[in-house]
Each structure stands twice: as C-alpha cells, then as structure tokens.
Amino acid sequence: MAEQKIKIIAENRKARHDFTIHETYEAGIALTGTEVKSLRAGKANMKDSYAQVTRTAEVFVYNLHISPYDHGNIFNHDPLRSRRLLLHREEIRRLIGKVKEKGYALVPLKLYFKHGLVKLELALATGKKLYDKRQDMAKKDAKREMERALKERSR
C-alpha cells in the first residue's frame, strides 16, 4: 500500500485541553491561491478558531488566521475571512444533528497537506469543566512520574 504524504501546517493544541473530542472528520477547505502559498510557508494560526453549520447546510470555519502572502499583490486575501469546508452531504447532515444537541461544538484540530491538498481535521467536541481539566493534568503528571521512575529503575 502506498505511504500517505502528510505535512502538518498548524495544530490547535489548546483544543484537546479545553474540549473532550468525540468524533473527528477530515474536511477539504476552499482557499485562494495566495492562501495556499502562505500555508506552504507555514503561516497559519488556529488559536480561537471554530466551525459552524449554516442554514444552507454548509460548514464554515471562522477565525482561522492565514497570514497574507509575502510576495502577493493587491489581490491578496483577508487573513481572517470565513472559509468553506468541503464535506460529504451525509457528514454535514450528521453534524447538523449532533450540533443541535446541547453542548456540542465543531472545533478545528489540525491543518495539513495530504497529497498536495489542504485538509482540516474537524472535531465534534464538548467543553470540559475546570475539574475535568485538573483531572487530566493530574493523570498526565502521574503517568510522567511513573515513566520517570521506571527509567531510573532500569539504569
């Protein structure tokens, strides 16, 4: 089987800390030429970005910052414009049903190139409470301590 060529452009690390991820979807993203060139240079920021399903059953991502292309001209893009996500109709219907339920949100996790096309990993997630975040941090610290102790013991 052919090896998949994936190059990660940007990652929303804070999303995994603030949300509990239930499902993930891979979506294409409609971009202009200068946006793609800027992404190839790695100039994207996913902090505070989110996605929503519109009334016309389309999914858009908001607050995804793609810096203007350095060598662009007057037709350069707006860095914070809303961008359409390309999903299958069935996936969109499923997302509409889930998002209508209380507490679900669409959160972008990763932006990457896959076979030369820009893809966005979209998560269906619920927000974590403060005590959930504390529990996760305590588990992570305990795991780190155990690994450190095992490493010391094996020396």
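Guide: This is a predicted model. Take Ser-49, which lies in the loop between strand E3 (44-45) and E4.

Visitor: Is Ser-49 buried or exposed?

Guide: The general idea is to compare the relative accessible area with a cut-off: buried means under 20%. Ser-49 has a relative accessible area of 6%, so Ser-49 is buried.

Visitor: Which residues does Ser-49 touch?

Guide: Leaving aside residues up to four places away in sequence, Ser-49 touches Asn-12, Tyr-62, Asn-63, Leu-64 and Pro-108. Distance in sequence and distance in space are read separately. Ser-49 and Val-107 are 58 residues apart in sequence, yet their C-alpha atoms are 7.2 Å apart in space.

Visitor: What does the side chain of Ser-49 reach?

Guide: The side chain of Ser-49 reaches the backbone oxygen of Met-46, at 2.7 Å.

Visitor: Next, salt bridges. What is the general idea, and how many does the structure hold?

Guide: Side chains of opposite charge can pair when their charged atoms come close. The structure holds 11 salt bridges. One of them joins the side chains of Arg-81 and Glu-35, at 2.8 Å from N to O. This pair links distant parts of the chain, 46 residues apart. Arg-81 is in the loop between strand E6 (65-66) and strand E7 (83-86), while Glu-35 is in helix H2 (residues 33-40).

Visitor: What about the salt bridge between Glu-58 and Arg-84?

Guide: The closest N and O atoms of Glu-58 and Arg-84 are 3.2 Å apart. Glu-58 lies in the loop between strand E4 (50-53) and strand E5 (59-62), and Arg-84 lies in strand E7, so the pair ties together parts that are 26 residues apart in sequence. Glu-58 is partly exposed at 25% relative accessibility, and Arg-84 is partly exposed at 39%.

Visitor: Where do Glu-145 and Arg-148 lie?

Guide: Both lie in helix H4 (residues 130-154), three residues apart, which is about one turn of the helix. Glu-145 forms a salt bridge with Arg-148, with the closest N and O atoms 3.0 Å apart. Glu-145 counts as partly exposed at 48% relative accessibility, as does Arg-148 at 44%. Elsewhere, salt bridges that share partners join Glu-35, Arg-81 and Arg-83 into one network.

Visitor: Now the rings. How many aromatic pairs does a search of the whole structure find?

Guide: The search finds two aromatic pairs. Phe-60 and Tyr-62 form a pair with 6.5 Å from centre to centre and 35° between the planes. Planes under 30 degrees apart would count as stacked and over 60 as edge-to-face, so the rest are called tilted. The pair of Phe-60 and Tyr-62 is tilted.

Visitor: Which residue lies over the face of Phe-113?

Guide: Arg-40 lies over the face of Phe-113, at 4.4 Å from the ring centre.

How values were computed. Residues are numbered from 1 along each chain as its sequence is written. This is a predicted model: local features need pLDDT of at least 70, side-chain atom pairs count only at pLDDT 80 or more; totals for chains, interfaces and linings use all residues. Side-chain values use heavy atoms; hydrogens and water are left out. A salt bridge is a side-chain nitrogen of Lys or Arg within 4 Å of a carboxyl oxygen of Asp or Glu. Helices (H or I, at least four residues) and strands (E, at least two) are DSSP runs, numbered from the N terminus. Buried means under 20% relative accessible area, exposed over 50%, partly exposed in between (1.4 Å probe, protein chains only). Rings of Phe, Tyr and Trp (its six-membered ring) pair if their centres lie within 6.5 Å; planes under 30 degrees apart count as stacked, over 60 as edge-to-face and the rest as tilted. A charge sits over a ring if NZ of Lys or CZ of Arg is within 6 Å of the ring centre and within 35 degrees of the ring normal. Contact means heavy atoms within 4.5 Å. A polar contact is a pair of N or O atoms within 3.5 Å; within protein, one must be able to donate a hydrogen and the other to accept it, and residues adjacent in sequence count only if both atoms are side-chain atoms.
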